[in-house]
Amino acid sequence: MSKIVLKSSVFMAFAFALCFVGCTYETAGTVTDTGNTVAGVVYHADGSEAAEAVVRMARMRVDNGVGVPELIEVTTDSTGAYAFDSVLADTFQLAVIDMAVSEIFYQPRTTRKDKDLNKITLSKAAVFKSSLVYNDVSEPAVQVGSHFVVGVSGTPFYESVFAGDTFEILVPEGDWWMEFYPGDAQIVAKLQNSGLSDTVVYRTWSMNGQLEAGDTLEIGPFIWSPTAEIDSLIKENEVEAKNVSRIAGQVVCKNSKSCSGVEVNLITDLFGFDFEGDSLKFTIMTTTDSAGRWWLNVPKEVPDDSFRVEYRKVQENVVSLAGTSRYVLKKEVEDLKDTLDLGVDTLVKTAGLVSKVNVIVDKNDSTQSSNCMVNSVVVGIKGTSHFVRDVSCETFVLRDMPAGTQQIVLYSGDRKVMSKMLDSDTPQWVYVTLTGVTLPEGGIQQLQGMTYEVPRQNIFEYPLASEQ
């Protein structure tokens, strides 16, 4: 059964809404009965059946409307067969895209009675390659985010793009206009309501030259900004991209397939010193694209000597997979002027940890108490969002964590004590305990005998590490 495309990726989730919010086009033809089907078989240029090719039926556009046209999308089966159980209009556009072999089919004006639709043969596509950078402005009326759409104006040829990522679009041969705009229809509406015209929200760029089948046009990077002039969409960004430091990477699932929609969190507070409340929360800073790629600006501050990136895949409100990047040294990004690629990280099933902390006190220190109820502790996994604060009497549980070799962090849960420690020259090893642990993939690690030594009243009694 064919389906109206409400794309699973965030910024195509409102593809139809875009055409009602920001588009001012008319459609050719009228909607027909759902019994009027369109079906056929798709073949590669070499005659083999084209399995898992994307087939898009889109409305005709007869004026200068902007945004992706309303469309229906299906995927061919293992024999190359496709079928739409309804049509959008008497006359429509039909496009077939096979990214695996860089082949396409495009018929800009089609009816359901067209005999060519029974057997479609793909041909070599032209390729448009670039990258897109989002240049925000100070105090913007609306936070645009990092999700954008890039496509050929008025056609079903488009891709969902994350700011900072490279992208590749298969296009028919010809001289085309390209469009760049925010992928969230609600953001588009807010931008328009703030007074921005469509020519600012929907940035367009002309190739100004014939692109032949099999050719690759690699140009850019492009910039999307409410303040950029139309003729500087490329020129300004070439300069800016060289002066902006970023980090990027790719996430794959355990079967080596790209993981799209993975939530990404940048961890600069490796020990969780700054979190409030009883537990630290995962902060979604971006999500991966269809190829598992992600991009973030380099953090403005790195309190420790390094930072880390944490990932999680959420399905039906359950964290199913998780992982982390390597530790990125502070010195790696201090003078960075472009993008640091952290490489590929693999997600696996999440792990859990159950344990309890036993209190150790100095019997000669009358200020200390062995009563566990008055001794709160913080326990967490270094370089992640998994930290809890609790009294040392209670068993604590950490869930949905990255599996593998990690470091357990343990220190006083008394904020006044920790504030004094952090503001002093006391070496960190005095008030922070690190313990290595291997967290089982898809399982729970139970630890016994974790101990917490209550800090001495006079923290300055400890020698510096260089004096030991």
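Strand pairing, ring pairs and cores in a predicted model

Colleague: What makes strand 22 mostly covered?

Modeller: Seven of the ten residues in strand 22 (residues 306–315) are buried, where buried means under 20% relative accessible area, exposed over 50% and partly exposed in between, with a 1.4 Å probe and protein chains only. Strands here are DSSP runs of E of at least two residues, helices are runs of H or I of at least four, and both are numbered from the N terminus. This is a predicted model, in which local features need pLDDT of at least 70 and side-chain atom pairs pLDDT 80 or more, while totals for chains, interfaces and linings use all residues. Residues are numbered from 1 along each chain as its sequence is written, and side-chain values use heavy atoms, with hydrogens and water left out.

Colleague: How do you know that strand 19 and strand 22 pair?

Modeller: Two strands pair if DSSP finds at least two bridges between them. Strand 19 (residues 263–267) and strand 22 are joined by five bridges, so they pair, and they run antiparallel. The bridge partner of V264 in strand 22 is Y311.

Colleague: What joins strand 22 to strand 24, and to strand 23?

Modeller: Two bridges join strand 22 to strand 24 (residues 328–329), in the antiparallel sense, with S306 opposite L329. Six bridges, also antiparallel, pair strand 22 with strand 23 (residues 318–324), where E310 stands opposite T324. The hairpin of strand 22 and strand 23 has two residues between the strands, and E316 takes a positive phi near 55° there.

Colleague: How many aromatic pairs does the structure hold, and why is the pair of F148 and W224 called tilted?

Modeller: There are 15 aromatic pairs in the structure. Rings of Phe, Tyr and Trp (its six-membered ring) pair if their centres lie within 6.5 Å; planes under 30 degrees apart count as stacked, over 60 as edge-to-face and the rest as tilted. F148 and W224 are 5.7 Å apart centre to centre with 50° between the planes, so the pair is tilted. F148 belongs to strand 11 (residues 147–152) and W224 to strand 17 (residues 222–224), so the pair ties together parts 76 residues apart in sequence. F148 has a relative accessible area of 0% and is buried; W224, also at 0%, is buried.

Colleague: Why is the pair of F275 and F387 tilted?

Modeller: The ring centres of F275 and F387 are 6.4 Å apart and the planes stand at 40°, so this pair is tilted. F275 is in the loop between strand 19 and strand 20 (286–287) and F387 is in strand 29 (residues 387–391), so parts 112 residues apart in sequence are tied together. F275 is buried at 5% relative accessibility, and F387 at 1%.

Colleague: What makes R389 a charge over the ring of F275?

Modeller: The criterion is NZ of Lys or CZ of Arg within 6 Å of the ring centre and within 35 degrees of the ring normal. The charged end of R389 sits over the ring of F275, 4.5 Å from its centre. The charged end of K382 sits over the ring of Y327, 5.5 Å from its centre.

Colleague: Which residues have the most contacts inside the largest nonpolar core?

Modeller: They are L132, V150, F167, M178, F180 and W224, in a core of 41 residues. Such a core is a set of buried Ala, Val, Leu, Ile, Met, Phe, Trp, Tyr and Cys residues joined through side-chain atoms within 4.5 Å. Strand 10 (126–134) is among the elements that supply at least two residues, and strand 10 gives the most, with five.
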